[in-house]
Amino acid sequence: MSDVSNGRIYFSVPPPPPPQPPPQPTDRNLRVLSQLCMQAATPMTSSRSTITPVTTVTFPDEDSRSLGYKAYHTLINGRCNGSDSSQPRPVCLSFGHSVEGVLQKGPQCGFAALYMGARLWKMDSFSLDRLVNIGQQKGYTIQGELFSAYFMEDLAREFCYSQVVDTAKLCLNVIWECLLQGYLILVPYDSDKNYQPCLKRGHKAHWSLLTGCFIVLKHSCKPFLQNCFEQDLDEPSLFHTDIDEDHIDPEVRKNLVNNIEEIFVYTMQGKSRRPGIWSLRDLFASNQNLIQVSPVRNNETYVIPPNGIENELCGKIVLLRPK
C-alpha cells in the first residue's frame, strides 16, 4: 500500500516502529508494490514497438538533459518524418541519472551493471573485481555469470537496499515512478547483436541497468507539463524533471498516467559505454521469455541455479535503493 501525506504519495508499508538499528533491505523504501500495482497489469506481448529503439545516443557526463534532447530528436523526429505535418507532435518527459559506463570482463554482465550502481552512489570501497570475488565466495558464480535474480539481490545488499520483484505483478507505471524516485533497476533480458532486447528463450541472457525514462505523452497535456516541469530550451515539446527521492505528487501522477502513450527506458549494460533507449514493453517481453540456459553453457563452467532460470531469472527484476 502507499501512504498519502501533505499531498504526497510515498511507496511504503505502514511506518516502522520508533528509531531502531539500520533498517533491513525489506524496509519501507523497497515496498513498491503499492496501490499503483492494484491497477490491472498491462499485458506483455512479443510484438515489437512501433518506434525503433536506439542504442547509439551518447550519454553526456555533464547533463542528462542532453540525452533527453537527443532521444527526442532520434525517436520522435524519426517517427514524425514523412507523416502529416499538420498533426501535433507528441510531448515527452525525460529524466534519469547520468551513469558512467563500465565494460564487463568476460561473462560479467550482471556484476558490471551492479558496479555501475555502486559507482553512481559513490561506493568507492567496491570494484568490479571485488564484487565478482564476493560472488565467487558465495558460490553464485564461476566466471562472472549470474543466472539468478536472487543471487543478484543478495550481492547488491553489500552496498544498498535491494528487492526482487516479479514483473508479472507490475503495471508499467511502477517502473517510471520508481526511477523518478531515485531507484535503479536491474533487468535480465535476452540481448540481440546490437544489445537491444530480443526473444531467444534465455539463450542470450544478459543484464541491464535502468537509469531513467523517456515518456511519450499526448499532445493535449502540454499545458499541464508547462505548469509542472522544465521545458527544454530548444525543443518546446520536450520537458525535463529531476530525480525526486521523496515523493510524486498525486495529481501530477494522475495526469501523467492518463496521458501516457509509450514508455522508453534509458539503460546501461556491460558491453558498451553508451546507453540504450528501449521500449519498456519490449524489455519486459524479453525479460519474461527467459526460460532456459543456452545449451553451450553447462554446470561445469557456470553456476546454474538448481531451480533453473525459469524460476530464478524469468520475469524477475531487482530494485536498488541507496542506504
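Which residues of helix 5 are buried? The legends below, drawn from a predicted model, begin with this element.

**View 1. The buried residues of helix 5.** Leu172, Asn173, Val174, Ile175, Trp176, Glu177, Cys178, Leu179 and Leu180 are the buried residues of helix 5. The helix is mostly covered, with nine of its nine residues buried. After helix 5 comes Gly182, which has a positive phi near 100 degrees.

**View 2. The buried face of helix 7.** Helix 7 spans residues 250-259, and its buried residues are Val252, Arg253, Leu256 and Asn259. These buried residues line one face of the helix, because they fall within an arc of 145 degrees when seen down the axis of helix 7. Their cover includes helix 5 (172-180) and helix 6 (222-228), together with strand 3 (91-96), strand 7 (205-217) and strand 10 (260-269).

**View 3. The N-terminal cap of helix 7.** Asp249 caps the N-terminal end of helix 7. A side-chain oxygen of Asp249 lies 2.9 Å from the backbone nitrogen of Glu251.

**View 4. The largest pocket and its lining.** The volume of the largest pocket is about 340 Å³. Its lining comprises 21 residues, and those nearest the centre of the pocket are Lys204, Ala205, His206, Lys271 and Arg297. Strand 7 provides the largest share, three residues.

**View 5. Residue classes in the pocket lining.** Of the residues lining the largest pocket, ten are nonpolar, seven are charged and four are polar.

Technical notes. Residues numbered from 1 in each chain as written. Predicted model: local features only at pLDDT ≥ 70, side-chain atom pairs only at ≥ 80, totals over all residues. Heavy atoms only, no water. Buried < 20%, exposed > 50% of the residue type's maximum accessible area, 1.4 Å probe, protein only. Helix = DSSP H or I, 4+ residues; strand = E, 2+ residues; numbered from the N terminus. Arc of directions from axis to C-beta. Contact = heavy atoms within 4.5 Å. Polar contact = N/O pair within 3.5 Å; in protein donor to acceptor, adjacent residues only side chain to side chain. 1 Å grid on protein atoms, 1.4 Å probe; cavity = no way out; pocket = protein on both sides within 12 Å on 5 of 7 lines; lining within 4 Å. Points joined across faces, edges and corners; volume = space filled by probe spheres on them. Nonpolar A, V, L, I, M, F, W, Y, C, P; charged D, E, K, R; others polar.
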